[in-house]
Amino acid sequence: MQTPALTEMDSRYLVHPVSNFRQHQEKGVKVLQSGDGPWLTAADGNTYLDAFAGLWCVNVGYGQQRIVDAATAQMNQLPYATGYFGFGSEPAIVLAEKLVSITPSSLQHVYFSLGGSDAVDAAIRYITHYYNAIGKPTKKHIIALQRGYHGSSSTGAGITGLPAFHANFDLPLAHQHHISCPYLYRSNYDSAQALIDASVAELEAKVAEIGADNVAAFFCEPVIGSGGVIVPPKGWLKAIADTCKRLGILFLADEVITGFGRTGTMFACEHEGVEPDLMTIAKGLTSGYAPMGAVLMSDEIFNGIADGPNKAAVVGHGQTYSAHPVSAAVALEVIKIYEEGMLAHAQAVAPYFEAKLQACLSHPLVGDARSLGLLGAIELVADKATKRPFPAAIKLHETIADIAWQHKLIFRAFGDNILGFAPALCFTESDFDTLFERLQLTLDDVLALDVVQNEM
Ligand code: PMP
């Protein structure tokens, strides 16, 4: 139960991620208590439809007893095994092999992290080590997308292309660069191909400006997540990956959100047959039942590090909880759930989700609707013809999230009034009906607000 004492304790002691410290203290915490499938029950006693799978991670839904059983069995048998000093555990080894078998064939080696940020961080460290080891020490610059998200680590947050992650953190670093993201709705290009060509040209120009001998890698999400669910035109990812290859820079696909069935294939790279040099994963890997992420890398990178001039020394990157056996046991069970039918189910219901999302365009507030698999968004605008956004100062997205909460619906309302959806892969058509009924009520209430009417 959520007592005033618990709320007070939260506001006094708990620092929340990506929050406005003072505003959070004033508003108070919403304590979540239990979950079942796509449903969440809060400590206020109400049950909410979670159309965001926690933080786009609980892909298999809540309350999967078989995952709890797998974790319990592993905890009983051996709750921890270090990977240092040549030790290891069976679930971690089996999971590494499994991941290599289900990801693109270019990826052959796995380092396990605790989540996405430290997977990205490990990738940066291995890339740096690799180029030093193969005698190309000037290759240190990393290019990524504006609005891309690559975590909150002290260097990874600089590769992230979102201002809030840079301001007051002295980021980005001098060797971190950003190019435009493929945002067709808000671009000046009238065709997908024109946007793809422009993206490729911008990447080529950025590499030329820095000098190909100084550029290590390009990082991107196959679909931008935290930057507002921006789905690139079909063919964009392949064009960019091919450009990286042609320019002699590594291509890292950050599949922390898009992995594990989220976009309709096990990994989003599969849509276009892209073979990245590195891939970061987390979230759906364990479906949020335990913390774990990973970076996968090619033979070329692994062997470059292994056989470099320092080959007699240890590679100084590690974490106490890398390859944690309980998280690995959870991940193995979660992957079984995808493979035994949940991925196929997600593929089957995705057109229903897409049709419902596109139908939102008939609402006076909705300027754009976009999705890939079960990752989607609608974008609210003050004027559909000009795509004029609502002024940031009115913080409409916060009001939208509050109204949705009153209608017992959870999604993510981004600062620019993009409403993001990442339903668990177990959503049925009836769950989608409930989602869109509650969304309609939310949008109608938002439309009736004076601050909204004044802008339209
Ligand atoms: N990369 C991407 C694409 C992400 O979406 C996220 C998390 N939202 C991260 C990295 C960082 O992952 P984590 O929050 O687990 O550290």
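Let's start with a pair of helices: where helix 11 and helix 13 cross, the crossing is right-handed. Keep in mind as you look around that this is a predicted model. On the helix 11 side, the residues making the contact are Val349, Tyr352, Phe353 and Lys356, and helix 13 answers with Glu429, Phe432 and Phe436. Sort those contact residues by class and you get 5 nonpolar, no polar and 2 charged.

How do you describe a pair like this? Two packed helices are characterised by the angle between their axes and the distance between those axes. Here helix 11 covers residues 325-359 and helix 13 covers residues 429-447; the angle is about 15 degrees and the axes sit 10 Å apart. Anything under 35 degrees counts as roughly parallel, so helix 11 and helix 13 are roughly parallel to each other.

Helix 11 has another partner, helix 4 (residues 65-77), and this time the angle is about 150 degrees, with the axes 8 Å apart. Over 145 degrees counts as roughly antiparallel, and helix 4 and helix 11 are therefore roughly antiparallel to each other. This crossing is right-handed. From helix 4, Arg66, Ile67, Ala70, Ala71, Gln74 and Met75 come up against Pro325, Val326, Ala329, Val330, Glu333 and Val334 of helix 11. The class count for this contact is 9 nonpolar, 1 polar and 2 charged residues.

Now zoom out to the domains. The chain splits into domain 1, made of 4-63 + 341-453, and domain 2, which is 66-336. Their C-alpha centres are 26 Å apart, and 28 residues of domain 1 touch 20 residues of domain 2. Which elements supply the domain 1 side of that contact? At least two residues each come from helix 3 (53-56), helix 11, strand 11 (366-372), strand 12 (375-380) and strand 15 (418-421). Helix 11 turns up again here, giving the largest share of that side with 5 residues. By class, the domain 1 side has 16 nonpolar, 7 polar and 5 charged residues.

Finally, have a look at the ligand. There are 15 residues around the ligand, and Gly115, Gly116, Ser117, Gly151 and Val256 come nearest. Helix 6 (residues 116-133) provides the largest share of this shell, 3 residues. The shell divides into 5 nonpolar, 8 polar and 2 charged residues.

How values were computed. Residues numbered from 1 in each chain as written. Predicted model: local features only at pLDDT ≥ 70, side-chain atom pairs only at ≥ 80, totals over all residues. Axes fitted to C-alpha atoms, helices over the stretch in contact; angles between N-to-C directions. Helix = DSSP H or I, 4+ residues; strand = E, 2+ residues; numbered from the N terminus. Parallel < 35°, antiparallel > 145°, perpendicular 65-115°, else oblique. Left-handed = near helix turned anticlockwise from the far one by under 90°. Contact = placed C-beta atoms within 7 Å. Nonpolar A, V, L, I, M, F, W, Y, C, P; charged D, E, K, R; others polar. Near = placed C-beta within 6 Å. Domains from an automatic or database assignment.
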